[in-house]
Amino acid sequence: MGLLDDARKVAKEFEYPAEEVNKGVQEFIRQMDEGLQETGKSMSQIPTYVTAVPNGTEKGVYLAVDLGGTNFRVCSIKLNGDSTFALTQSKVAIPRELMVAKTSKELFAFLAKQIESFLKIHHNDHFEEYHQRRKAGEVVTDEHLFKLGFTFSFPVQQIGINKGYLIRWTKGFDIDDAIGKDVCSLLQAEIDALHLPVKVAALVNDTVGTLMARSYTSPGKTGTLLGAIFGTGTNGAYVEKLGKVTKLKKMKEGGEYDQSTGSMIVNTEWGSFDNQMSILPNTPYDIALDKESNNPGIQMFEKRVSGMFLGEVLRRTILAMIKDGRTELFKDESSGSNDVHSTCSIADDSPLYKQWGIDTSFLSIAHEDQSAGHHITRQALSKDLGVDAASSEDAEAIKILVEAIGKRSARLSAVAIGAVIISTGNLTLTSGDAMKDKEKEVLEEEVVDIGVDGSLVEYYPGFEQYMREALQEIEGIGEKGEKRIRIGIAKDGSGVGAALIALVAAS
């Protein structure tokens, strides 16, 4: 058996056929329903207390702040009411000493000070007018305050639209006295200490923000059903019928929310779908990756889908082929068997031998490479992975593996999207035929709109096409249903999306 046949045999291990896709969809729906009824299930299905999505006609100026890691971002977003907006922003690094401060007051006082600086530069008229009102002893009401959406990308137990208790710090932060406290109250207290015209109106998850940003900017009047991230990680938030979120009634500390819409956005946390491995595909490479990860048995869906893990799946697959004495990957008996008239060699310190040594960008390069003799892939093998004088056949074998891993990721992504669409009943026809007879275009009111963000869906070659092929194979969607699914990029869930959640919260 030749090298390419060997590569195809290994690639076959990553096949995820229609039958498995459909089994995945049914189990995904089951785990979604389970998470809506009880806490502590593999899919968290977190109620967000956001009960409406925008339609693009909203107007006003709103603030958003984003504490997502080592930077703090302050934005103001002017919504024009025609699905467009203008964004002004500033960004500042968090001083290292504040990430491990003795008290949370030190950190949150710093954040409030950045909001004050931003207002003085970009909204000074409003800022001065507010202070003159206060000096004159006039009554200050909510309408004089900027409404702010606070994207806080750390684990919180959210119990209201603007209330959530910090569970733990991640990303290098460690301030003990903040654990168990409401982060919105901590920020509001420091804003009030500076007498700023700002009300923390909403605590925001960036995936929910992606849904909101897409719903505001999407064409037509159709509200967006789902916001999904397919990047370094993966997650989805969608509009659910309020009556199905039965665990809300059982929650001891459930906050108030508007029940008039009959809906609530739910943050699925679907990266942990099927942690019990009842239906997810599995290979020796997935098993080894999970075993040596820092969270074995957790985020099992994410470990097969997201950009953070695809490079590592490929690395382990390549290593297995190299170590298999029966395959010829990166092995030349003589320079005569290599089209670059040399023999292939792997550097001793090659990233192939290091955990997380292959970045997902390498998969994109190899997948897209149409150059003669796969010249671009061979360059990347040499430059990024320390594999010198790889033959065109070596590069073609790598491409076969890459395509299989990327395709499986996209088809698994379709399971999540398809399950949400079917579970919510959004493909049920409401007006006869969803297609215009003459143009065979989908009627606007029959569109199922989905907002997506992340490097995989935006930049990975063919990712959306692979997803769509799998969606066509899902029972209950099919070819006709897939045509009604509109997928659009939604940028800046933590900025524009957060501002829109502040708007919904305020109204």
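Student: How many bridges join strand S3 to S4, and in which sense do the two run?
Tutor: In this predicted model, strand S3 covers residues 71-80.

Student: Which residue of S3 is the bridge partner of Ala64?
Tutor: S2 and S3 run antiparallel and are joined by nine bridges. A hairpin of three residues leads from S2 to S3. The partner of Ala64 in S3 is Cys75.

Student: In what sense do S2 and S5 pair?
Tutor: Strands of a sheet can pair in either of two senses, parallel or antiparallel, through backbone hydrogen bonds. Between S2 and S5 there are five bridges, and Leu63 has Leu148 of S5 as its bridge partner. The sense of this pairing is parallel.

Student: What is the order of the strands in the open sheet, and which are its edge strands?
Tutor: Five strands make up the open sheet, with mixed pairing, in the order S4-S3-S2-S5-S8. An edge strand pairs on one side only, and this holds for S4 (85-93) and S8 (198-204). Ignoring direction, neighbouring strands of the sheet are turned by 20° against each other on average. The edge strands are thus named as S4 and S8.

Student: Which helix packs on this sheet, and what angle does its direction make with that of S8?
Tutor: The helix is H6, residues 183-193. H6 touches strand S2 (59-67), strand S5 (146-152) and S8. The angle between the directions of H6 and S8 is about 160°.

Student: Is Ile405 buried or exposed?
Tutor: Ile405 is found in helix H14, which spans residues 392-424. The cut-off for buried is under 20% relative accessible area. Because Ile405 has 1% relative accessibility, it counts as buried.

Student: Which residues is Ile405 in contact with, leaving aside its neighbours within four places in sequence?
Tutor: Contact here requires heavy atoms within 4.5 Å. With those sequence neighbours set aside, the contacts of Ile405 are Phe14, Leu310, Val313, Leu314, Thr317 and Leu363.

Student: Why does the end-to-end distance of helix H11 agree with its number of residues?
Tutor: H11 (residues 307-323) has 17 residues, so at 1.5 Å a residue it should span 24 Å. The end C-alpha atoms agree with this, being apart by 25 Å.

Student: How many residues of H11 are buried?
Tutor: H11 is largely enclosed by the rest of the structure.

Methods:
Residues numbered from 1 in each chain as written. Predicted model: local features only at pLDDT ≥ 70, side-chain atom pairs only at ≥ 80, totals over all residues. Heavy atoms only, no water. Helix = DSSP H or I, 4+ residues; strand = E, 2+ residues; numbered from the N terminus. Buried < 20%, exposed > 50% of the residue type's maximum accessible area, 1.4 Å probe, protein only. Expected span 1.5 Å × (residues − 1). Pairing = 2+ DSSP bridges. Axes fitted to C-alpha atoms, helices over the stretch in contact; angles between N-to-C directions.
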